[in-house]
2 protein chains.
Amino acid sequence: MMMETSPSPGCLFQPDPREPHPAPDSNSVLGKVRRILEVFGLDDETLSLSELARRTGLAKASVHRLSQELVQWGLLERRNGEYRLGMRLFEIGQRVPRQRILRDLARPLMIDLVQATNETSHLAVSDGLEVLYLDKVSGEQTQISRPSRVAGRMPLHCTATGKALLAFGPRQLLEEVMSAPLTRVTPRTTVAPGLLGQELRKAREQGYVAEFEQTRIGYMSVAIPLTGATGAVVAALSVTAPTTRAKVDRFAGLLNLVGRRMTKLLSAQEF
Amino acid sequence: MMMETSPSPGCLFQPDPREPHPAPDSNSVLGKVRRILEVFGLDDETLSLSELARRTGLAKASVHRLSQELVQWGLLERRNGEYRLGMRLFEIGQRVPRQRILRDLARPLMIDLVQATNETSHLAVSDGLEVLYLDKVSGEQTQISRPSRVAGRMPLHCTATGKALLAFGPRQLLEEVMSAPLTRVTPRTTVAPGLLGQELRKAREQGYVAEFEQTRIGYMSVAIPLTGATGAVVAALSVTAPTTRAKVDRFAGLLNLVGRRMTKLLSAQEF
DNA sequence: CGGAAACGTTCCGTTGACCGGACCGTTGCG
DNA sequence: CGCAACGGTCCGGTCAACGGAACGTTTCCG
């Protein structure tokens, strides 16, 4: 095992205030490649060689050499001098089993949900201290584009899916979230740890979570946890609607129905 | 080190039954990482350390070290001793712009198509000598699961999307396809280069391609090319149906309508 | 028009990251 | 009980990777 931070025994203080992804350092080749691939933000689209060198902090020659190799592999593409993420990344990413199985099983059920409500449904897992959206199905005209892209991230403590994962997931995760200050995403976001704990207790009683304008003003969500074969929570499923059309009981009822079916499907796959 | 097949010039027999991606060799770190990530087949789910070492041809110690680093990054995950592709691959893969833009723009139109036909619609690009499926939208009960997963691949010469890309794409690609023997996927697959050329000529006249049971017995498809801002073909869009419900003219008409809208959208994004 | 700045690319001597054979403790099968 | 296969660790030799320097070109101003 490798020691993360020097294991000085007295460091019960902040063992790891890092983001969900521990090490941006490392002078290994893989570390550099990681730097390169991860400086492409969600919207950066294309970056020049110099821009890459600047952002990664690597020598221009190194970036040049590695990028060449990445292009050859297909992880990067080159269009008139600019680099962007390559198609092979998408291809390999689609093979990731945890994602693929969950999506394949949930998709039809999410479509049912959307047809029954004409609202938007999200499928998410927890990663670090955030939710990672695996899929999203929207109703006819209901395009909620902004804060909930597929593969987008949001804090655990402000989203309905996140609260569901916190309420029904491992205690340790909750403690980790509580041990850092809760960022305020909207004026209505729960930032008091005590209040959050109360919300989660209520959630455990009710079997679902509701959230009003804590992630985005004008919208509310209801979410439930999805449990796998072992009984552990593996994901969360939600319905999001404008506050004007908030039908908490109806959403919760539908979600519970769908959740039961989903648990059966997951168990059948030994997930 | 294992050389794949030595590129002996006299091997016009089976020149390259390999995937469309040129170099599996290279003793660089990236080459090894590539080997590791790409031995995970579409269904392999999880592999043990020894299995990885065996498949990649790398030393066990090397696989161990690199896998550790990959796990730390999130490109691999470890569950009770077994490795599998990690969630971060999915996350990064979803950021790939060429894929994301095409999908985001096409998705609503594909849903329209599916609602109008109650059949299945595919979005695909060409990669090497194959089509790579970017998205797939199915009607109510119409689950065509097998040969057309998202991120799945099929030969260019037997699928409707592939023929569309060949008919309207760069001449050089067609020549490349023609220069290798055309594999027979079903008994009805076009394997005679002359016949393929004829089909493509007809396609260019009509503006669309139709294919009957060349990819899968019992099913047919109609496809059109999608052109970007520069006028170049960037993808293909298709409708697939059981042969019993083949309505070529209707499918072609709908696709043309959608294609025109898509071209406008792509141009607006300077794609 | 000319000079500076930024770009992508190549070169090359140095070095430390990577390699992989050998080895360890454990597990499971016959 | 012995053998084989497993995951994991060790360590000295070596070569792939490194990055500073310099290249030719383009772009942008003064």
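Two strands pair if DSSP finds at least two bridges between them. Strands here are DSSP runs of type E with at least two residues, helices are runs of H or I with at least four, and both are numbered from the N terminus. The model is predicted: local features need pLDDT of at least 70, side-chain atom pairs count only at pLDDT 80 or more, and totals for chains, interfaces and linings use all residues. Residues are numbered from 1 along each chain as its sequence is written, and chains are lettered from A and ligands numbered from 1 in the order in which they are written.

In chain B, 3 strands form an open antiparallel sheet, in the order E1-E3-E2. Strands E1 (47–48) and E2 (76–79) of chain B stand at the edges with a single partner strand each, so one side of each has no neighbour in the sheet. E2(B) and E3(B) (residues 82–85) are joined by 4 bridges. In one of these strands, E3(B), B:Tyr83 is the bridge partner of B:Arg78.

The two chains superpose closely. Chain A can be laid on chain B with an RMSD of 0.0 Å, by a turn of 180 degrees and a shift of 0.0 Å along the axis (least squares on C-alpha atoms of residues with pLDDT of at least 70 in both copies). The copies are thus related as by a two-fold rotation axis. In chain A, the C-alpha of A:Gly93 comes closest to this axis, at 2.5 Å.

DNA strand D is surrounded by 19 residues (C-beta, placed from the backbone, within 6 Å). H3(A) gives the largest share, 4 residues.
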